[in-house]
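Biologist: I am new to this structure and would like to learn how to read its features. Could you take me through a few of them slowly?

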Amino acid sequence: MSILTFSQGINDYTEKKYLEEDRNKISFVGGVSYVNRSFGLFYEGQTFLLKPNDSFYTELFLRYRWLDASVSFAPKFVRINNDDDIKGKTKYFNLGFAFFLSPKIRQSVNYNQVRGLYLEDTKRFFETVLDDESTQELGNDFMQFPDAKYQSFTGETSYLWIGKKESYRTYTNMTHKPLKNDFILLSGLVYQYNMMKDPERIIYQGMDVSDPSGDISVTKDIRLTIKTGGGMQKIIGKNWYAIVEAYPQIHYGYLIDENYNEFNFGLNAYSRLGFDNGKWFFGGGAQINWINSNNGNFYSATDWLFRFGLGFRINSPKFVNKQFDKIDQILK
């Protein structure tokens, strides 16, 4: 078969045969991601940025039939910075699942936790709350919040207007082998419950400067996001492919304790370039999630994500296939 034919995809018979064989395979991926994330702290009419220190973390993905599972964390061997004494330590943890409720409806659930932050604008913060004489001797040290913990519980229900679930799965992660050129159009509802907890303990210049009489504070918010957009998938040669997606979004956020709410807009975009020969696969991608929020308490700064992963597929055990065959019959 010529390279030109491959670039146009495969025929329906070959696709059906591959998907049937793929039903009895388990895909594993290990990778490393870099995330640039910050959380807003709104004080005295200004927004100051709280940031995690360790930007690199490890991800592990497992996929079997309609079930996608992922877990991520930040072990020591992927840390490339040596400034824990300046910015403190950060720990990541993420756990997620995704599955199709019907041929057109996809459901995902995710839990994300980031613990250990530092105040990037420490000097400007002190200049805001202290007089000029008190801030003249300040250096460029950062205030650390070692116990500060951001937790997010997220769900997303999406509907495929154009495209099939077999095709859309290749967009969501690279455990699925792209088989042909494709286009999808999707609408989704994202719902989040977020908490920022335990910011009371403060370290500055190696000293604990916490206020022991301070109240324990928890900032909580609820967000709803409606998104509609599309993606394109292009097969390049025999085993290479490229994917691009873009989803304009409308956001509603409500700060529970402050009884404050706002509407705003944003954009989520993603691209990936990968290789997949059916058994071994790898790829790299980039993602941006931008929200046009003016209130820093909504943790509204732009998030950048860069990801690289390497994976393989193996035949699944027969007893696992039998159990999932029974579940598939129920879900039909």
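Predicted model: local features only at pLDDT ≥ 70, side-chain atom pairs only at ≥ 80, totals over all residues.

Modeller: Residues are numbered from 1 along each chain as its sequence is written, and side-chain values use heavy atoms, with hydrogens and water left out.

Biologist: In which sense do β14 and β15 pair?

Modeller: Strands are DSSP runs of E with at least two residues, helices are runs of H or I with at least four, and both are numbered from the N terminus; two strands pair if DSSP finds at least two bridges between them. Here β14 (residues 260-276) and β15 (residues 280-291) pair in the antiparallel sense over 11 bridges, and Gly 266 has Ile 291 in β15 as its bridge partner. Between these strands lie 3 residues, and Gly 278 of this hairpin takes a positive phi near 100°. β15 also pairs with β16 (residues 303-315), in the antiparallel sense over 10 bridges.

Biologist: Is Gln 249 buried or exposed?

Modeller: Buried means under 20% relative accessible area, exposed over 50%, and partly exposed in between, with a 1.4 Å probe and protein chains only. Gln 249, in strand β13 (residues 240-255), is buried at 8%.

Biologist: Which residues of helix α4 are buried?

Modeller: In α4 (residues 122-129), Thr 122, Phe 125 and Phe 126 are buried. They cover an arc of only 95° around the axis, so they lie on the same side of α4; the arc is that of the directions from the helix axis to the C-beta atoms.
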